Amino acid sequence: MAKARSQFVCQNCGTVHTRWAGKCDGCGEWNTLVEEGTAGGIGSGPSSMRSARKGRAVTLTTLDGEIEDAPRIISGIGELDRATGGGFVRGSALLVGGDPGIGKSTLLTQAAAALASKGHRIVYVSGEEAVAQIRLRAQRLGVASTPVELAAETNVEDILATITDGKRPDLVILDSIQTLWTDLADSAPGTVTQVRSSAQAMIRYAKSTGAAIVLVGHVTKEGQIAGPRVVEHMVDGVLYFEGEGGHHYRILRTVKNRFGPTDEIGVFEMSDKGLREVANPSELFLGERSIKSPGAAVFAGMEGTRPVLVEIQALVAPSPLGTPRRAVVGWDSSRLSMVLAVLETHCGVRFAQHDVYLNVAGGYRITEPAADLAVAAALVSSLTGLALPADCVYFGEISLSGAVRPVAHASQRMKEAEKLGFRQAAMPVVGDDAAGAFSARSFQPSVLADLVARIAATKRGSSDGD
Ligand code: TYD
Ligand code: MG
């Protein structure tokens, strides 16, 4: 009989090593290798002990043919249904990741209650909390009377035996994947092998029965416990639930979806009675706007198919340091360096003696390059002490040559801005009729220097007017 071998698996990235080392070659993290057994188990691949079986021929087919719409169960919580692409798909597996304490259990309890009260069979399995704690949360959320079936259990075989008993559930929620363990893998719960094997068993159950499953996974900011990362490729959809400490709103972000669009977001607000939907996020992010102060610019952004307006705040202050500080919250710091370099080189705006702080209001995070123009406007506004017009939105990408480049969805961005009472836009030159209603008041610089000149010109303009 072959000797049972063990392997060393990085708990951060899942790289398998044959011998222990202090540092993982895959991701460069220290002290993340853990010894895990390879004997048997779902996660360890086909066993060499089993005699090879003769393959069965499958029927090959064509790309063209009848397509059925993915059957979905709709929760009625609009922001959640938007993020899942129109509801949970039967027979699919969804991973909901996020920092501990962000509200994953709260969101799924609310979803479970909403679905159960519509007559679906919903099973909620918690491996983290006792039944009493979950009941307490349900009471707080005001959903204690809904017919959600509840269990506190961590063993995959026991869970499968429980849910295959009786009518097939429509949705099974497993909170969390890190606490699950299966008899088929012999490493400790929470290790990559256990997480992968347990997830695989549950996904196989979903595919074979047509029940939808939701796996909850904790991801720390540092990516320390990356159990969930290794199941990302196995599931049909990945949603991340995120929010900033100190802010009440939470964003459910779609990062993978085999049955719908990605880059969608659902926006919620955490209250003392659970999560409340925020149907118009722009109003939330622009809520506390200080209209007349310099250094603030409103960016007309896009999140998937949805326009979102956010305020970008810059503070440029004289620096006592030899190397001035650059601090960014909510945006990419290398992108800020780039915008600063373009402003210095092509527009003659000097930041070398100044500290630069950049903040996206409300703790929101921007990933679009289209924010370049709004950032540049906020920076120049703060440096010169000249407030930007309060009814103006900004969007456009800046190239290293100082040109303002067009971005997608110009007309949608402007429609949203108009809806919220903005009357001007600074944006790239758009070829089509996207300027629409804004055409009279839109300013379309072809190079960044034009925008800088326009902001500087407000000094003369306002002193003339006053
Ligand atoms: P929870 O859903 O337990 O987080 P996770 O499952 O992601 O770890 O939510 C935890 C936080 O949410 C906790 O700090 C309390 C807060 N909370 C509210 O503010 N209001 C509520 O109605 C509920 C249920 C929780
Ligand atoms: Mg939880």
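A polar contact here is a pair of N or O atoms within 3.5 Å; within protein, one must be able to donate a hydrogen and the other to accept it, and residues adjacent in sequence count only if both atoms are side-chain atoms. One such pair sits at the start of helix H4, where a side-chain oxygen of Asn155 comes to within 3.0 Å of the backbone nitrogen of Glu157. You're looking at a predicted model, so to speak of local features takes pLDDT of at least 70 and side-chain atom pairs count only at pLDDT 80 or more, while totals for chains, interfaces and linings use all residues. Residues are numbered from 1 along each chain as its sequence is written, chains are lettered from A and ligands numbered from 1 in the order in which they are written, and side-chain values use heavy atoms, with hydrogens and water left out.

**The whole chain**

- The protein chain has 11 helices and 23 strands; these are DSSP runs numbered from the N terminus, with helices (H or I) of at least four residues and strands (E) of at least two.
- Of its 466 residues, 48% are buried, where buried means under 20% relative accessible area, exposed over 50%, and partly exposed in between (1.4 Å probe, protein chains only).
- Take the contacts (heavy atoms within 4.5 Å) between residues at least 6 apart in sequence: 67% of them join residues at least 24 apart.
- The chain's accessible surface is about 22400 Å², and 52% of that belongs to carbon and sulfur atoms; such areas come from the Shrake-Rupley method with a 1.4 Å probe, and for residues only the protein chains shown count as cover.

**Around ligand 1**

- There are 17 residues around ligand 1, and the closest are Gly101, Ser105, Thr106, Ser271 and Gly274; a residue is near the ligand if one of its heavy atoms lies within 4 Å of it.
- Backbone N or O atoms come up to oxygen atoms of ligand 1 in several places: at 2.7 Å from Gly101, at 2.8 Å from Lys104 and at 2.7 Å from Gly274.
- On its own, ligand 1 has 560 Å² of accessible area, and the protein covers 76% of it.
- Helix H2 (104–116), helix H3 (131–141) and strand E13 (265–271) each give at least two residues to the shell.
- Sorted by class, that shell holds 4 nonpolar, 7 polar and 6 charged residues; Ala, Val, Leu, Ile, Met, Phe, Trp, Tyr, Cys and Pro count as nonpolar, Asp, Glu, Lys and Arg as charged, and the others, Gly among them, as polar.

**Helix H4**

- In H4 (residues 156–163), the buried residues are Val156, Ile159 and Ile163.
- They span an arc of only 60 degrees around the axis, so they sit on the same side of H4; the arc is that of the directions from the helix axis to the C-beta atoms.
- Their cover includes strand E7 (122–126), strand E9 (171–175) and helix H5 (192–209).

**Loops worth a look**

- Ser92, in the loop between strand E5 (88–89) and strand E6 (93–98), is buried at 7% relative accessibility.
- Leaving out residues up to four places away in sequence, Ser92 touches several residues, including Ala206, Ile213 and Phe259.
- Glu368 is in the loop between strand E18 (354–360) and helix H9 (372–384), and is buried too, at 18%.
- Asp175 and Ser176 are joined by a cis peptide bond, with omega about 5 degrees.
- His409 has a positive phi, near 60 degrees, and at 39% relative accessibility counts as partly exposed.
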